[in-house]
Amino acid sequence: MGRKQKSKQGVPPTLEETRGTGKKPEAKVEKKRKPTEETAALQPPKKQIAQEKKSLFEESESEPESNDVKAAGDEFEEADESSELEDEENVDQAQDEFVQGDEAEEESEQDSIFDSDEESRGKPMFSDDSGEEDDLQVANLEAMSRKLDEEAELEEKEAEEELHTNIHPTAPTILPPKEEGGLADGQPMSAFTQDLSQIQLRIQEINRVLNDFKNLCEPGRSRAEYIDQLISDVSVYYGYSKFLTEKLFELFSASEAIEFFESNELPRPVTIRTNTLKTQRRELAQALINRGVNLEPVGKWSKVGLQVFESQVPIGATPEYLAGHYILQAASSFLPVMALAPQPNERILDMSSAPGGKITYVAALQKNTGVIFANDANKARTKALTANIHRLGVRNAIVCNYDGRKFPNDVLGGFDRVMLDAPCSGTGVIYKDQSVKTNKSERDFDTLSHLQRQLLLSAIDSVDADSKTGGYIVYSTCSITVDEDEAVIQYALKKRPNVKLVSTGLEFGREGFVRFREKRFHPSMKLTRRYYPHVHNIDGFFVAKLKKVSDKIPQTVNDVAEAEEEHDIVEEDSVNANSENDSLTFDDEADKAIIEENRRKWLKSKGYKVSKKN
Ligand SMILES: C[S@@+](CC[C@H](N)C(=O)[O-])C[C@H]1O[C@@H](n2cnc3c(N)ncnc32)[C@H](O)[C@@H]1O
């Protein structure tokens, strides 16, 4: 019903489009969020620069992230088609397809990435290099940010006026009458109007009622009825499958969910990362400003990121770009590398590294010392990885092409640190790949979560707990679903009690869920970090950092305590992974069957004779 209705109406205009035509949206869904502590590190911009995005990247080369989501989407479409396979085989096949990828897949995709840092507007800081902030002439930035602030203020004022004009002083009849259209009690009521602008208005109205339910609800109507209608309306208005709308809705309160869905209609700010192997941020900024690029640092939290406001030249084809002085990279992608905190001379594994945005940052932090194994299971994607490694002047990386689940730990293991930026559904980057809105099923999430769990165990097994400088694993995704984030970490804590969660060291971000619906995660899960587009104005992201305390997989709580003592680990916040609080259960039997099936397929592919399945 929802999709049908949408195709009749066409895609709802985004706020940006509405602004572009000079026509205002009928009303803001909700008054703009006031800056909170949470947003202090990264203030969302009050004015997005969607139009500029296109011209900025017209000639840009491929960079990380957008590829990833697309790859996931493509592979899952294929997985869906293999309907004649048995359930287990389906899961397996989907995983294999996901890993192998399409050889013909485009190796390069544009990375249209946006970010903002309102806080630092007007006071640019380039603190990474020499601390000589005053040296850089960035008057253009100040002018730009003043202009943006004024526009934003005006917009906010207008939005507030509209809110008052459009919203009825008392609760109107929002929900369709129970008897109308044969709707039964408790049955989710899909949109009873064909008009998207009316649906949009109803979204606002329901939100208002939910925020003051006691006074504004219609007599005899339950909160659940309003929420059902809201989910149905959001699904129609923003064009999501009902399944995904519900899945994402449950992560937030109703008002926040609306903000989240709205934020997926707007691009994130364009950001670039200075390649400190070749230049310093201050010099790069100066060179780009001279070419007519308006930019400023992404925020105090990053020493290498720059946000691009507008540019008279294609930002992906400047001489500085071609010389490898920077890479177009989402600000969110800096975070797992910062959490990994690689040290010079370490041996590091990036288990799924193509097209190389994060691993080239790792190399820069190591100043090209030590050794990085830049692995990716998709051979086609390793070409873009190699190209980026060359362009950015990385000399300490070895590109390899293993399925991370079967990474040869016995030969190549014993790493000081391992990064697993896992393949995921991309629910954090819906703006970049709108197909995620409709092409993900429950089965896709199950398949991915299973793959992510296997990869994480393999990542853990590749680390040397006795490393003098490290012994860490960082797990990240650009998805915000609990299945792909906390549930994967919880699984690893259970299967590998020789690891424990530690602080990511990241300054901002929301704590990971310790409770989520019926699930109870380990208390140390609060050390993980979640990022959201509507809160932090960066891609939705998840980052967790684990410390391996022993190379043996301990069997008892005491074993873990002993290992920790031996490794002299003092982590006030983190709690032992083998705690009794661990109440989440796992379907070990199902895992066993899938792993066994994978093993059989692998043996077969290597030419071994494999006995028939029982
Ligand atoms: C999120 S992307 C990685 C992005 C990369 N870290 C970067 O910053 O550019 C996930 C990657 O996982 C790879 N992948 C999928 N399944 C894999 C597996 N079983 N083993 C290793 N890599 C895998 C995909 O080919 C994809 O390149």
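Close-up 1. Asn388 is buried, with 26 other C-beta atoms within 10 Å. (Buried takes 20 or more other C-beta atoms within 10 Å of a residue's own, exposed takes 12 or fewer, and partly exposed is in between; C-beta atoms are placed from the backbone.) Keep in mind that this is a predicted model: local features need pLDDT of at least 70, side-chain atom pairs count only at pLDDT 80 or more, and totals for chains, interfaces and linings use all residues. Residue numbers start from 1 along each chain as its sequence is written.

Asn388 sits in helix H16 (residues 379-391). (Helices, H or I of at least four residues, and strands, E of at least two, are DSSP runs numbered from the N terminus.) Leaving aside residues up to four places away in sequence, Asn388 touches Pro355, Gly356 and Thr360. (Contact here has the C-beta atoms, placed from the backbone, within 7 Å.) Pro355 is 33 residues away from Asn388 along the chain, yet their C-alpha atoms are separated by 7.3 Å. Look at the backbone here too: the peptide bond from Ala354 to Pro355 is cis, with omega near 5 degrees. Pro355 belongs to the loop between S5 and helix H15 (357-365).

**Close-up 2. Two asparagines with positive phi.** Asn345 has phi near 70 degrees, a positive value in a residue other than glycine. You'll find Asn345 in the loop between helix H14 (334-340) and S5, and it is partly exposed, with 13 other C-beta atoms within 10 Å. Asn537 also isn't glycine, and its phi is positive, near 55 degrees. This one is in the loop between helix H21 (533-536) and strand S15 (541-548). With 26 C-beta neighbours inside 10 Å, Asn537 counts as buried.

Close-up 3. S8 (residues 417-421) is mostly covered, with five of its five residues buried. In a regular strand, side chains alternate between the two faces of the sheet. On S8, Arg417, Met419 and Asp421 point one way, while Val418 and Leu420 point the other way. Strand S5 (residues 347-350) runs parallel to S8 and is joined to it by three bridges. (Strands pair if DSSP finds at least two bridges between them.) Within that pairing, Ile348 stands opposite Arg417. Strand S9 (residues 472-477) is also parallel to S8, this time through five bridges. There the bridge partner of Arg417 is Tyr472.

Close-up 4. Strands of a sheet pair through backbone hydrogen bonds, either parallel or antiparallel. Here the order is S2-S3-S1-S4, with antiparallel pairing. Strand S2 (293-297) and strand S4 (326-328) are the edge strands, each pairing on one side only. From one strand to the next, the twist averages 35 degrees. Inside the sheet, four bridges join S1 (residues 270-274) to S3 (residues 305-311), and the two run antiparallel. (Axes are lines fitted to C-alpha atoms, for helices over the stretch in contact, and angles run from 0 to 180 degrees between N-to-C directions.)

**Close-up 5. Helix H11 with H9.** Helix H9 (residues 223-238) packs against helix H11 (residues 254-263) at an angle of about 5 degrees, with axes 11 Å apart. That makes the pair roughly parallel. (Under 35 degrees is roughly parallel, over 145 roughly antiparallel, 65 to 115 roughly perpendicular, and the rest oblique.) Ile227, Leu230, Val234 and Tyr238 from H9 meet Ala254, Ile258 and Phe261 from H11. This contact divides into seven nonpolar residues, no polar and no charged. (Nonpolar covers Ala, Val, Leu, Ile, Met, Phe, Trp, Tyr, Cys and Pro; charged covers Asp, Glu, Lys and Arg; the others, Gly among them, are polar.)

**Close-up 6. Helix H11 with H7.** The axes of H7 and H11 come within 9 Å and cross at roughly 150 degrees, which makes H7 roughly antiparallel to H11. Ile203, Asn207, Leu210 and Asn211 of H7 meet Ala254, Ser255 and Ile258 of H11. The residues of this contact divide into four nonpolar, three polar and no charged. Among the buried residues of H7 are Ile203 and Asn207.

How values were computed:
Contact = placed C-beta atoms within 7 Å.
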